[in-house]
Amino acid sequence: MQNLRINDYLRQHIRTVPDWPVPGVQFRDITPLLQNPKVFRVLIDAFVHRYMDSALRPDVVAGLDARGFILGAVVAYELNIGFVPIRKKGKLPFTTVAETYELEYGSATVELHADAVKPGDRVLLIDDLIATGGTMMAGRKLLERLGATVMEGAAIVDLPELGGSERLKDSGLPLFTLVDFAGH
């Protein structure tokens, strides 16, 4: 990793899959980041070192279905705090709260256990990628409905031309991302 910024190092390990899942889409595949133990450690450490700072330290990490579970659980473990999953509708077994949001074609719903967070909890909301921002916005609304404060949204990749990061920032949510693919 000599003389490479962490962002550039991680970017080198993100695979671009053209025309997936539909023609014209350049899919940013983060699985190579997870497959190599050294790269995975650099990735997780970038988040952990940021959130070890007392000013940014959350009480709990919430991960968005499904890749946010991978990152969020490991970051929560390293910070010695709890982890809560925000799942697609119908996947959680206990009493839930739900939020429906718009997709490019249709809508989707995410759910959170009603006892996942307590009023006043400071939550780090994490996912692998920010595209339109809909999933992260819905997750934030669920957490806030339960009285928590989402102190920051975090992701590995930002796709700024899709407008999600701007939308989230305009709503007042601070964002931390490691790699952006602007203009792609």
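## The whole chain

Keep in mind that this is a predicted model. The protein chain contains six helices and nine strands. Its C-alpha atoms fill a box of roughly 45 × 40 × 30 Å, taken along the principal axes. A compact globule of 184 residues would have a radius of gyration near 16 Å, and the protein chain agrees with that because its own value is 16 Å.

Of the 184 residues, 45% count as buried. Look at the contacts with a separation of 6 or more, and you'll see that 58% of them join residues 24 or more positions apart.

## Surface and charge

The protein chain exposes about 9400 Å², and carbon and sulfur atoms supply 51% of that area. As for charge, there are 20 positive and 23 negative side chains, and the centres of these two sets lie 3 Å apart.

## Helix α3 and what it packs on

Helix α3 takes in residues 37–52, 16 residues in total. From first C-alpha to last it reaches 22 Å, close to the 22 Å expected at 1.5 Å a residue. Its buried residues are Val39, Val42, Leu43, Ile44, Ala46, Phe47, Val48 and Tyr51.

What do those buried residues of α3 pack against? The list covers helices α1 (6–11), α2 (31–35) and α4, together with strands β7 (122–130), β8 (149–158) and β9 (175–180). A handy thing to remember while looking at any α-helix is that it has 3.6 residues a turn, so residues three or four places apart point the same way.

Next up is α4, with 13 residues. At 1.5 Å a residue it should span 18 Å, and its end C-alpha atoms are 19 Å apart, so the two values agree. Gly68, Phe69, Leu71, Gly72, Val75, Ala76 and Leu79 are the buried residues here, and they pack against α3, β3, β4, β7 and β8.

In the loop between α4 and β4 (82–88) you'll find Asn80, and Ile81 is in that loop too. Are they buried or exposed? Asn80 counts as exposed because its relative accessibility is 69%, while Ile81 is buried, with a relative accessible area of 18%. Leaving out residues up to four places away in sequence, Ile81 touches Arg57, Pro58, Asp59, Val60, Val61 and Ala76. Pro21 is 60 residues from Ile81 along the chain, and their C-alpha atoms are separated by 35 Å.

## Helix α5 and its end

Helix α5 runs over residues 134–145 and has 12 residues. End to end, C-alpha to C-alpha, α5 reaches 16 Å, close to the 16 Å expected at 1.5 Å a residue. Gly134, Met136, Met137, Ala138, Gly139, Arg140, Leu142 and Leu143 are buried in α5.

Arg145 also lies in α5, but it counts as partly exposed because its relative accessibility is 45%. Setting aside neighbours within four places in sequence, Arg145 is in contact with Val97, Ala98 and Glu99. Asp29 sits 116 residues from Arg145 in sequence and 32 Å away in space, C-alpha to C-alpha. Just after α5 comes Gly147, with a positive phi of about 95 degrees.

Most residues other than glycine have a negative phi, and most peptide bonds are trans. Where does this chain have cis peptide bonds? One runs from Trp20 to Pro21, with omega near 5 degrees, and Pro21 is found in the loop between β1 (15–18) and β2 (26–29). Another runs from Asp65 to Ala66, with omega near 0 degrees. Ala66 lies in the loop between β3 (60–64) and α4 (67–79).

Asp19 has a positive phi, near 60 degrees. It is found in the loop between β1 and β2 and counts as partly exposed, at 47% relative accessibility.

Notes
Residues are numbered from 1 along each chain as its sequence is written. This is a predicted model: local features need pLDDT of at least 70, side-chain atom pairs count only at pLDDT 80 or more; totals for chains, interfaces and linings use all residues. Side-chain values use heavy atoms; hydrogens and water are left out. Helices (H or I, at least four residues) and strands (E, at least two) are DSSP runs, numbered from the N terminus. The expected span of a helix is 1.5 Å times one less than its number of residues. Buried means under 20% relative accessible area, exposed over 50%, partly exposed in between (1.4 Å probe, protein chains only). The radius of gyration is taken over C-alpha atoms; the globule rule is 2.2 Å times the number of residues to the power 0.38. Contact means heavy atoms within 4.5 Å. Accessible areas come from the Shrake-Rupley method with a 1.4 Å probe; for residues, only the protein chains shown count as cover. Lys and Arg count as positive and Asp and Glu as negative; His and the chain ends are not counted. The place of a charge is taken as NZ of Lys, CZ of Arg, CG of Asp or CD of Glu.
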